[in-house]
Structures are given as C-alpha cells and as structure tokens.
Amino acid sequence: KYSIGDFHNVSYTVIFSIDVGLAWAGYVLSTRWIKNTLFSVEPSVLGWMVALMSYPPFNRVFGFYLSTPSESGFMGMKSHAAVTLLAVMSVMSFCVYTSATVCFGLRFSNLTHRGIITTGPYAVVRHPAYAAKNFSWWCVMMPFAFYDAGTHPTYLLAIQLTGLVAMSSIYYWRAITEERHLARDPEYQAYMKKVPWRFI
C-alpha cells in the first residue's frame with residue numbers, strides 16, 4: 001500500500017531529477033550554437049556570497065547552528081489530513097520551482113546573464129523559483145516547528161523560526177543582487193516594468 005510519504009518522496013525525486021538534469025546540461029553545454037553563451041557574470045562579492053550560501057556545504061550552516069525544522073519532519077505529525085495537505089502543497093510549490101528551470105532550458109546558470117526569461121512563471125513574478133522554494137519551506141517547516149514545540153523547550157521554536165527567516169533572507173538577497181546585475185540590460189529594465197512583483 002502506498003502512503004503520502006511515498007508520494008512525497010517519489011515526487012521530489014522526479015522533480016529534482018528534472019531540475020538538476022537541466023541545470024547540469026545548461027552548465028556543461030555552453031555554446032553560441034544553442035544560444036546560451038554568457039553575456040555577463042555577477043560582478044559583486046555579495047552576489048557570489050549569497051549564491052554560494054544557498055548550496056551545500058554552506059547552506060548546512062542553517063541546520064547545524066540555527067536548527068531549522070526538518071523539511072520532512074511534518075510526516076511525523078499525527079493528523080493524516082494535515083500531513084497530506086502539507087505534502088501536496090510542498091510538491092505543488094516545487095513543481096512551480098522546476099517549471100522555472102524548464103523555462104530556462106539550456107540557458108540555466110547561476111551568477112551569469114544568459115538572456116532574459118519572460119515566459120511561464122516569469123510572466124507572473126520575477127523570481128518564481130525562489131518564491132516557490134521558500135513557500136515550500138514555510139508551509140512544511142513552520143507548522144512542524146509549532147507542532148514539535150509541544151515536546152521541546154520554547155527557545156527551540158524561536159531558534160528554528162530564526163533559521164527559517166535566515167534561509168529566506170539568503171534568497172531575498174539573491175534576488176536583489178541578481179536584479180542589480182541584470183538591470184544593466186535595458187531588456188531586463190523593461191521586464192521589471194512589465195512584471196513589477198518579485199515574489200508574490
């Protein structure tokens with residue numbers, strides 16, 4: 001018999017296989033023949049720092065020192081309805097996250113400008129991947145943190161919520177530094193006017 005945990009795990013595996021596969025191909029296959037060469041590279045130290053901080057091993061700092069709630073901890077909650085709702089919301093948000101990577105196609109990369117994407121979720125908000133990833137974290141980690149607070153010291157809840165805020169702050173600064181970089185291109189300036197919302 002399949003469970004909601006199986007649905008969640010299999011969905012994550014499929015979603016992130018697509019995401020990582022496209023990202024890998026975008027990095028490896030840089031050529032003018034498929035129109036994914038670099039126009040420019042992120043010029044700021046802050047831009048490089050916040051990008052690196054959102055990937056292993058650097059993002060593990062949040063788990064080690066700020067004790068962010070477990071991303072799959074909600075699976076241990078007693079309410080089957082709550083677990084199902086949170087799992088579905090998480091999977092749906094990561095579908096939006098991966099759809100952003102799909103829109104990039106082979107132009108995907110971090111810290112570089114390879115052209116402006118204005119289709120798919122980028123037609124709605126300027127940073128759909130960051131918004132979707134953070135939404136997933138908050139929709140599964142925060143309820144679990146409050147649920148788990150009943151069996152742990154109160155200060156642990158404050159530490160976990162601080163960790164969530166710190167994780168989201170990294171992605172906020174990623175968006176800010178990317179926009180500063182891309183706004184040197186008049187096409188991106190026009191895109192910002194057309195799509196005024198960063199995340200929501």
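Residues are numbered from 1 along each chain as its sequence is written, and side-chain values use heavy atoms, with hydrogens and water left out. Because the model is predicted, local features need pLDDT of at least 70 and side-chain atom pairs count only at pLDDT 80 or more, whereas totals for chains, interfaces and linings use all residues. Helices (H or I, at least four residues) and strands (E, at least two) are DSSP runs numbered from the N terminus.

Three salt bridges were found in a search of the whole structure, a salt bridge being a side-chain nitrogen of Lys or Arg within 4 Å of a carboxyl oxygen of Asp or Glu. One of them joins the side chains of E179 and R126, with an N to O distance of 2.7 Å. This pair links distant parts of the chain, as E179 belongs to helix α6 (residues 154-182) and R126 to the loop between β2 (112-113) and α5, 53 residues apart. Both E179 and R126 are buried, a class defined by under 20% relative accessible area, with exposed meaning over 50% and partly exposed the range in between (1.4 Å probe, protein chains only). The relative accessible area of E179 is 6%.

E179 also forms a salt bridge with R198, the closest N and O atoms being 3.0 Å apart. R198 lies in the segment after α7 (186-194) and E179 in helix α6, so the pair ties together parts that are 19 residues apart in sequence. R198 is partly exposed, at a relative accessible area of 28%.

E178 and R174 are separated by about one helical turn because they are four residues apart in helix α6. E178 is partly exposed at 22% relative accessibility, while R174 is buried at 3%.

Two packed helices are described by the angle between their axes and the distance between the axes. Axes are lines fitted to C-alpha atoms, for helices over the stretch in contact, and angles run from 0 to 180 degrees between N-to-C directions. The axes of helix α2 (residues 45-53) and α6 come within 9 Å and cross at roughly 140 degrees. That angle makes α2 oblique to α6, given that angles under 35 degrees count as roughly parallel, over 145 as roughly antiparallel, 65 to 115 as roughly perpendicular and the rest as oblique. Residues in contact (heavy atoms within 4.5 Å) are L46, G47, V50, A51 and M53 of α2 and I170, W173, R174, T177 and R180 of α6.

Helix α4 (residues 80-104) packs against α5 at an angle of about 165 degrees, the axes being 8 Å apart. The two helices α4 and α5 are therefore roughly antiparallel to each other. Among the residues that meet are L86, M89, S90 and F94 in α4 and A132, F135, S136 and C139 in α5.

Helix α5 (residues 128-148) also holds N134, which is buried at 10% relative accessibility. Not counting residues up to four places away in sequence, N134 touches M167, S168 and Y171. The side chains of N134 and S168 make a polar contact at 2.6 Å, a polar contact being a pair of N or O atoms within 3.5 Å; within protein, one must be able to donate a hydrogen and the other to accept it, and residues adjacent in sequence count only if both atoms are side-chain atoms.
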